[in-house]
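Here are a few exercises to work through with the sequence and the model side by side. Try each task before reading its solution.

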Amino acid sequence: MKNYKNITPLFSEKYRPVKALVAFSSNMEDAPTYVESYDLDENGYPINAHPLTVRESIQLRKSLQVQEEKERSNYLTPKGIMPDKVLHIDYAQGQVVWYTTPQRKKLFFTESIGLTDGEANVPAIVWKASKSKLAVWALGSKQRTRPKGNEPLYKAPFFNLYDGGSVCMGNVETFARQEGGLEFFMDYWEAAFWNSTFSHLNVNTSPVKGNVIQLWESLLNKDRPFPTNSLISLEKKLNKIF
C-alpha cells in the first residue's frame, strides 16, 4: 500500500481561524445584546474569553467596510488571472495602479500647439486611476520588464498634465460602467488618454528637459526610440503612489 502524505495542512496554510465572536441576547424587553470575543489557539480551540473591546469593534468595522467596497468595485475585479501589468489595487479607495511598457502610439494635438498629429515612440508609463481621476508618470527604464517598488518616477512628457501627474480631463468622459471588469477599466483609461487631444501645458515649466515641442517634433512620424535622458526626475519612488 502506498504511503500517502497528509496534505490537509496545505489547504489551511493561507487562512486559519484566529477569532470568534458570540452574541448573547435576552428575552427581557429592551435588553442590549452582549458580544463576547474569543481568541482561537493553533488548534482552533477558543481561549481568552472577554467582552468585545472597542478596538476589536473598530477592526471588525474596517474589515467589513473594505469587503463591502470591494463588492461594489466590480470594475476592479479581473475576469481571469490578475493581469501582469497591475501593480497595486486599493479596493477601499476604488483605484488601481498599473504600467505599460515603451510602445508606439498615435498622438493628437490642437492646431495652437503647432504640432501635427502622428505616431511616435513613448516611454514606459505608470497609470493610476479611479472612476473619476487619472494620473500618469513616466519610467526611465527602456526595458520591457515589470518595475519594482523602488523604481524612480519621472514626469510624463506630455501636455494636459499637472505637476503631480494628474491629467486635466477636459472633455474626456470619466468611467461610468460597473461591468467589464479590471481589464476593461484599464483599457478604457488608456484609450481615453491616447485618443484625447493634447492642447496646452498646465504648468509654466516644460515636462521634459529642454523644449517639449521640439522634442515631439523630433519623434513624430520617425522611428526614433524615446530619449529617456530627457525625462525629469520627481525624486519619488513608485511605491509612494500606492
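**Exercise 1. Find how many bridges join E5 to E8 and which way these strands run**.

Step 1. Five bridges join E5 to E8, and the two strands run antiparallel. Strands here are DSSP runs of E with at least two residues, helices are runs of H or I with at least four, and both are numbered from the N terminus.

Before going on, a note on conventions. This is a predicted model, in which local features need pLDDT of at least 70 and side-chain atom pairs count only at pLDDT 80 or more, while totals for chains, interfaces and linings use all residues. Residues are numbered from 1 along each chain as its sequence is written, and side-chain values use heavy atoms, with hydrogens and water left out.

**Exercise 2. Work out the strand order of the open sheet and name its edge strands**.

Step 1. Two strands count as paired if DSSP finds at least two bridges between them. The open sheet has six strands, in the order E4-E5-E8-E9-E10-E12, with antiparallel pairing.

Step 2. Strand E4 (86-90) and strand E12 (233-237) are the edges, each pairing on one side only.

Step 3. Look at each end. Four bridges join E4 to E5, one of them pairing Val 86 with Trp 98. These two strands form a hairpin with four residues between them, and Gly 94 in the turn has a positive phi of about 70°. At the other end, two bridges join E10 (residues 152-154) to E12, and Pro 152 has Lys 237 as its bridge partner.

**Exercise 3. Decide whether the residues of E5 are buried or exposed, and on which sides they point**.

Step 1. Buried means under 20% relative accessible area, exposed means over 50%, and partly exposed lies in between (1.4 Å probe, protein chains only).

Step 2. Gln 95, Val 97 and Tyr 99 point one way, Val 96, Trp 98 and Thr 100 the other, and all are buried.

Step 3. Six of the six residues of E5 are buried, so this strand is largely enclosed by the rest of the structure.

**Exercise 4. Locate the salt bridge of Lys 85 and explain what the pair ties together**.

Step 1. A salt bridge is a side-chain nitrogen of Lys or Arg within 4 Å of a carboxyl oxygen of Asp or Glu. The whole structure holds four.

Step 2. The partner of Lys 85 is Glu 190, with the closest N and O atoms 2.8 Å apart.

Step 3. Lys 85 lies in the loop between helix H2 (54-72) and E4, and Glu 190 in H3, so the pair ties together parts that are 105 residues apart in sequence.

Step 4. Check the cover: Lys 85 counts as partly exposed because its relative accessibility is 23%, whereas Glu 190, at 11%, counts as buried.
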